[in-house]
Amino acid sequence: MEWLFLLLPVAAASGWVLARRAEQKGADASSSGDPAFFRGLNYLLNEQPDKAIDVFLKLAEVDGETVETHLALGSLFRRRGEGDRAIRVHQSLVARTSLSTAQRGYALYELGRDYMLAGLFDRAESLFSELVEQRLQQERALRGLIEIYQAEKDWRRCLETADKLQRVSAESMGPEIAQYHCELAEECLRAGDPDQARAHLLDAQSVDSNCIRATMVQAQMEMSSGDAATALVLYRHLARRGPRYLPAMLPGLLDCYRRLGRTKVADDLKDLFRAHPSPPLMLELSDAIERERGAAAALDFLNDYLREHADLAGAERLLDLRLRHAPEQSQQGDATLLEVLRHLLAMQPAYQCDHCGFEARALHWQCPSCKHWGSIKALEPDPIADPAVLKQRRIA
């Protein structure tokens with residue numbers, strides 16, 4: 001059945017071609033069907049794709065009427081993950097001398113995608129570069145080159161190619177270019193070249209003034225150089241500009257407080273929490289309240305928080321506090337419930353991609369699933385629904 005669904009577009013296209021040729025010859029379409037096509041179809045249905053490919057490639061000479069059929073067949077093989085078969089189809093197509101310039105460009109691009117799927121980045125890069133030089137499928141080829149350079153972490157070539165794509169497509173690549181500069185800045189820091197790192201961060205902020213990552217790396221550099229006060233200013237600025245990145249910057253912010261000798265931080269954290277509540281900030285705030293005002297105040301804070309948010313992390317912290325500081329209020333089974341909550345928390349994602357929904361435990365600047373930059377952000381706690389709304393849902 002999988003092969004049947006795979007072949008439907010190819011069968012439709014080939015049927016159209018056969019019918020058109022029958023019309024041109026003045027014959028009935030139903031009597032002009034090439035038995036070779038149906039033999040190839042039979043091979044596919046019997047899960048003999050290599051024999052089917054041989055039949056389709058020899059079915060007829062490739063001209064303007066059958067190019068689309070072969071392209072469709074190759075693309076469908078690639079979508080099934082059968083890159084070697086897709087390569088055979090597209091290589092056969094590229095070798096034909098009867099292709100128009102546009103058809104050859106499209107076939108070369110599809111072959112390049114096949115090579116990428118097979119992990120043959122050098123061959124794919126060669127084909128995409130050829131297409132860019134010949135100005136065939138130029139925009140798509142440039143995007144393919146960027147995919148290759150990102151996979152190879154060649155950020156300088158990413159910058160060059162993104163600049164070309166920006167000129168060709170008239171599409172702003174500012175956010176992506178800023179991320180490439182941030183990657184280069186972090187490489188410079190690992191190599192012990194802070195001056196060059198700062199230059200890349202300035203470039204990142206010049207092309208994308210909203211680049212949260214550039215400011216975060218800058219704050220980390222200030223901390224490394226011993227300037228905790230400047231780093232604290234940057235972190236507070238970041239908290240206002242990108243509150244959904246607060247969980248990622250929270251360790252740095254707390255480190256600033258420690259280095260500056262500030263022991264009373266509950267009020268500062270509470271101000272941030274009011275602006276943008278998040279589970280990691282809630283946990284740090286509850287710890288600060290416990291240290292500065294006692295367990296009872298921390299329990300009150302957590303109870304208030306859980307009345308508004310359905311949050312496993314908050315429930316775990318509340319139970320932990322009750323067991324440690326208010327055992328007389330704890331009921332039988334609370335310890336078991338605490339272990340269950342901790343088990344569930346260990347499997348909970350902390351971040352999610354706004355573009356494709358990919359979930360992660362740690363922050364990725366580029367989504368591993370959809371490859372978008374800056375789209376992964378911290379998950380927010382679910383609000384507690386109004387009981388009347390829940391009742392209506394149950395009735396419905």
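Tutor: Phe358 lies in the loop between strand 2 (351-353) and strand 3 (359-360). This is a predicted model, in which local features need pLDDT of at least 70 and side-chain atom pairs count only at pLDDT 80 or more, while totals for chains, interfaces and linings use all residues. Residues are numbered from 1 along each chain as its sequence is written, and side-chain values use heavy atoms, with hydrogens and water left out.

Student: Why is Phe358 called partly exposed?

Tutor: Its relative accessibility is 28%. Buried means under 20% relative accessible area, exposed means over 50%, and partly exposed is in between (1.4 Å probe, protein chains only). The 28% of Phe358 falls in the middle class, so the residue is partly exposed.

Student: Which residues does Phe358 touch beyond four places in sequence?

Tutor: Contact means heavy atoms within 4.5 Å. By that criterion, Phe358 touches Tyr351, Gln352, Cys353, Cys367, Pro368, Ser369 and Ile376.

Student: What share of the whole chain counts as buried?

Tutor: Of the 396 residues, 43% count as buried. In the contacts between residues at least 6 apart in sequence, 50% join residues at least 24 apart.

Student: Why is Glu110 called buried?

Tutor: Glu110 has 3% relative accessibility, which is under the limit for buried, so the label applies. Glu110 sits in helix 6 (residues 101-117). Leaving aside neighbours within four places in sequence, Glu110 is in contact with Leu71, Ser75, Arg78, His90 and Arg140.

Student: How do you know that helix 4 and helix 6 are roughly parallel?

Tutor: The axes of helix 4 (residues 67-79) and helix 6 come within 11 Å and cross at roughly 15°. Axes are lines fitted to C-alpha atoms, for helices over the stretch in contact, and angles run from 0 to 180 degrees between N-to-C directions. Angles under 35 degrees count as roughly parallel, over 145 as roughly antiparallel, 65 to 115 as roughly perpendicular, and the rest as oblique. At roughly 15°, helix 4 is therefore roughly parallel to helix 6.

Student: Which residues form that contact between helix 4 and helix 6?

Tutor: Val67, Glu68, Leu71, Ser75 and Arg78 in helix 4 meet Gln103, Tyr106, Ala107, Glu110, Arg113, Asp114 and Leu117 in helix 6. Ala, Val, Leu, Ile, Met, Phe, Trp, Tyr, Cys and Pro count as nonpolar, Asp, Glu, Lys and Arg as charged, and the others, Gly among them, as polar. The contact of helix 4 with helix 6 then divides into five nonpolar, two polar and five charged residues.

Student: What makes helix 13 and helix 14 roughly antiparallel?

Tutor: Helix 13 (residues 228-241) and helix 14 (residues 246-259) pack at about 150°, with their axes 9 Å apart. That angle is over the antiparallel cut-off, which makes helix 13 roughly antiparallel to helix 14. By class, their contact has eleven nonpolar, one polar and two charged residues.

Student: Why are helix 14 and helix 16 called roughly parallel?

Tutor: The axes of helix 14 and helix 16 (residues 279-293) come within 8 Å and cross at roughly 30°. This is under the parallel cut-off, and the two helices are therefore roughly parallel to each other. Leu246, Pro247, Leu250 and Leu254 of helix 14 make the contact with Pro280, Leu281 and Glu284 of helix 16.

Student: What makes the phi of Ala170 worth a remark?

Tutor: Most residues other than glycine have a negative phi. Ala170 has a positive phi of about 60° although it is not a glycine. Ala170 is in the loop between helix 9 (155-169) and helix 10 (174-190), and its 75% relative accessibility is above the limit for exposed, so that label applies.

Definitions and conventions: Helix = DSSP H or I, 4+ residues; strand = E, 2+ residues; numbered from the N terminus.
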